[in-house]
Amino acid sequence: MKCTAWSERYCLEAFAGQIPQGTIRLNSQVTSIKKSETSPDVTNLELQDGSTYSAKVVVGFDGVNSVVGSWLGLEKPKSVGQVGIRGMAKFHNGQNFEILFRIFVGRTIRVGLMPMTPTQVYWFVAWHDQSEGWRNITPEQIKQEDPQVTTDFRVPEFELCVNNTSL
């Protein structure tokens, strides 16, 4: 299964349809992960609430700075002089975008839009960033940062998508 530019919900629904009901734990923070000493196909997990589980498969949307990311040996992110933000705009009364991936390219910025469902549009923006080292951008900063980045590069459809994205 490959999930790109899609919401976690759709990935989970596709995955959940293939396994026994009740085997998925959502919104659970892993505090410890170890290979089972008795079975090579099993991984033991301890969650923040103290509960423990054994699993043959662990799927996470938790990033490189997590316990699972460390256990997998994922390296810390390195700055490459680019910053990207993405989101899923929700249009409760439906969106009127043509079903087509659109990308707008400026001198130092790229903006993309892709309708995913009759009510959702995936969007992203990427630009050159002169900051030294890695920096985290919080969801609250997205709506503040985007207008500053796109001041000389206006894409009304993109602004509409950003304004219809929950933080």
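**View A. A nonpolar patch on the surface.** Trp71, Leu72 and Leu74 form a nonpolar surface patch. Together they have about 300 Å² of accessible area. The model shown here and in the other views is predicted. Leu72 sits in helix 2 (residues 67–72). Its relative accessible area is 54%. Leu72 is therefore exposed, as the cut-off for that class is over 50%.

**View B. The stacked pair Phe101 and Phe124.** The model holds 3 aromatic pairs. In one of them, the rings of Phe101 and Phe124 have their centres 6.4 Å apart. Their planes meet at 15 degrees, so this pair is stacked. Phe101 lies in the loop between strand 4 (82–90) and strand 5 (102–105). Phe124 belongs to strand 7 (residues 120–128). The pair therefore ties together parts that are 23 residues apart in sequence. Phe124 is buried, at 19%; the cut-off for buried is under 20%.

**View C. The edge-to-face pair Trp123 and Phe158.** Trp123 and Phe158 form an edge-to-face aromatic pair. The distance is 5.5 Å centre to centre, with 80 degrees between the planes. Trp123 lies in strand 7, and Phe158 lies in helix 4 (residues 156–163). The pair thus ties together parts that are 35 residues apart in sequence. Both Trp123 and Phe158 are buried.

**View D. The largest nonpolar core.** This core has 16 residues. Which residues have the most contacts inside it? They are Leu113, Val121, Trp123, Val125, Phe158 and Cys161. Strand 4, strand 6 (109–117), strand 7 and helix 4 each supply at least two residues of the core. Strand 7 gives the largest share, with 4 residues. Trp123 and Phe158, the edge-to-face pair of View C, are thus among the residues with the most contacts in this core.

View F. Strand 2 (residues 43–47) and strand 3 (residues 52–55) run antiparallel. They are joined by 4 bridges. Where does Glu46 find its bridge partner? The partner is Thr52, in strand 3. The hairpin has 4 residues between the strands. Gly50 takes a positive phi near 95 degrees in this hairpin.

Conventions:
Residues are numbered from 1 along each chain as its sequence is written. This is a predicted model: local features need pLDDT of at least 70, side-chain atom pairs count only at pLDDT 80 or more; totals for chains, interfaces and linings use all residues. Side-chain values use heavy atoms; hydrogens and water are left out. Rings of Phe, Tyr and Trp (its six-membered ring) pair if their centres lie within 6.5 Å; planes under 30 degrees apart count as stacked, over 60 as edge-to-face and the rest as tilted. Buried means under 20% relative accessible area, exposed over 50%, partly exposed in between (1.4 Å probe, protein chains only). Two strands pair if DSSP finds at least two bridges between them. A nonpolar core is a set of buried Ala, Val, Leu, Ile, Met, Phe, Trp, Tyr and Cys residues joined through side-chain atoms within 4.5 Å. Patches are made of residues with over 30% relative accessible area and no salt bridge: like charges are joined within 9 Å, nonpolar side chains (Val, Leu, Ile, Met, Phe, Trp, Tyr) within 5 Å. Accessible areas come from the Shrake-Rupley method with a 1.4 Å probe; for residues, only the protein chains shown count as cover. A salt bridge is a side-chain nitrogen of Lys or Arg within 4 Å of a carboxyl oxygen of Asp or Glu.
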